[in-house]
Amino acid sequence: MPDFCHLHCHTQYSLLDGAARIKNLVSRAAELEMPAIAITDHGNLYGVPEFYPKAKAANVRPIIGCEFYIAPSGMEDKKDRTRYHQVLLAKNEAGYRNLIKLSSASFTDGYYYKPRIDKKTLRAHSEGLIATTCCLQGEVPQTILSRTQRFDFRRIPTPDIATFLARILDEEKIGYDESALRILARKADGSMRDGLSLLDQIIAYQAEKVDEDAVISVLGLVEDAFYADLLDRIARHDRPGILALVEAMFDGGYDLQEVCQGLDQYLRDAILTLETGDAKLTSKGTLVDLPEGLTTPDLMNLLNIGLETEDRLRYARQPRILMEHQLLKMAELDRVISIQEVLNSLAVGSGPSSRSDTNPARQTSPKAAIRRDSPAQEGAPAEETAHRASTTTPPRSRTFNRRQTSDQVTQGPESGNASTEPETQGLPPDALDQLREKWVEIVGAVATKSQGVGAMLSDSEVSGLEGMRLTIHLPASQSIHLSILMDKRRIVEDTIQEIMGWKLLIMPTIPETPSQKPHLRGTGSSGNDAFDELVETFKGEEY
């Protein structure tokens, strides 16, 4: 093979990658009469001292190179693990010296999981070097494979793709609907090449005119009427109807991933319809017809489940079951009630008679969901409905589940029933002091079980102990972690029991500051008993 030589070879110095010994590599190249051969080990030049003299002795021209790791965010960035491969070959002595400088810098300045360089460093030491497009992990191949022009190339805006497709159809004298081109441009996802490929498919299917029906049929998309029907059934909690639609999806041969993406887009358009009323902002340029009573928070909750489903479908072994489960989960969601609505309900019955009803079944949390079209509400007289609203009392609940049932709600202080607070069970008088002394040790033990929870507690303080309920104060900067810590509190409770022998309930909170309470308008009573009761109830809670 006198006209061929390998320029990308890994030896035993490419750990966990190369298997060729330098001696065997050189002898095989000589046996095949190759005029030259290169070694390009991953991130190092360890094999050069052995390779150069053996290649010279075998009368094979040695080409010294290295497959470097390129950090797109810079060598100094020690957080982003993204890296590309880049083969560099030395064509003269200057190139070899630059290889040495780059290799040294990759270990001394750029090491983060791998020895890395960046384009700035390469630009400063590029003399005498030849760069190739490398392997599939190179930046150029990755950009091509991405098909969305993510890295160094800007994504093409959807209107620009649609305009370009329209120009092509005009030149070819093929009719089209603008709505059809918008769908194609949106499916192209920023890639003009993908847009042209999709257009070719549509023309091959129907050469006379590119209309919306043809695009939907060829691409296997779902019409908006389907999503409107689905959203209506979700709003009415029509579970059998939802399962029937899933059955229809399978019978129609639709791609579930495509259906889920379409539903998420429809929910986004519904939110834009409610918030802006501007059809130009929606994906298809039309406003969405919504079931009566749905609000933006309701749609956002549905969209959260839809986005979660879209991600999970990629790896689901039973996608149909997952789709059915998530759609039924959407149907189980209850209407979001604002604090203002709760206050208005409280204000309706703020008189003494409104507080005399101690039936737990008539009490519900302001954070508990109120189902929009539940059977109990549909047939109830207006007087009874108003009475239920007037007796709403916010609970001091240990958890903040959105859907609390009546037997999960802790009754208010004026209910007349026995307190549901846990009683002290053999705690020593100085239990609080002992906890404060051992708190650093407890946090350390928690960190061994969960580094994330340990990090959240790193700046926490033991605030108080009421019965078996332990209050923990977090700094204001940790407010975003409150809900996460509530979900993971079992780890902390178990750790306290292991170290102290006490089964406590923890309550993480953010200490109140004046800047956190602009709505209180002073420290005294507001003059409204219902409002004062609600404010008092929410003090110190995590929300």
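A residue is called buried when its relative accessible area is under 20%, exposed when that area is over 50%, and partly exposed in between (1.4 Å probe, protein chains only). The model examined here is predicted, so local features need pLDDT of at least 70 and side-chain atom pairs count only at pLDDT 80 or more, while totals for chains, interfaces and linings use all residues. Residues are numbered from 1 along each chain as its sequence is written, and side-chain values use heavy atoms, leaving out hydrogens and water.

Strands count as paired if DSSP finds at least two bridges between them. E3 pairs with strand E2 (residues 61–70) in the antiparallel sense over 6 bridges, and Gln-86 in E3 is the bridge partner of Phe-68. E3 also pairs with strand E5 (residues 129–131), again antiparallel, over 3 bridges; here Leu-88 has Ala-131 as its bridge partner.

Contact means heavy atoms within 4.5 Å; not counting residues up to four places away in sequence, Leu-99 touches Leu-45, Ile-64, Gly-65, Phe-68, Leu-88, Ala-90 and Leu-129. Leu-45 is 54 residues away along the chain, yet the two C-alpha atoms are separated by 8.3 Å. Phe-107 is also in H3 (residues 93–108), but counts as partly exposed because its relative accessibility is 33%.

Elsewhere, attention turns to the nonpolar cores, which are sets of buried Ala, Val, Leu, Ile, Met, Phe, Trp, Tyr and Cys residues joined through side-chain atoms within 4.5 Å. The largest has 31 residues, of which Phe-226, Leu-230, Leu-299, Met-323 and Leu-327 touch the most other members. Helices H10 (224–235), H11 (239–251), H12 (256–275), H13 (296–313) and H14 (319–332) each supply at least two residues of this core, and H12 gives the most, with 8 residues. Leaving aside neighbours within four places in sequence, Leu-327 is in contact with Leu-230, Ile-234, Ile-242, Val-246 and Leu-263.

Conventions. Helices (H or I, at least four residues) and strands (E, at least two) are DSSP runs, numbered from the N terminus.
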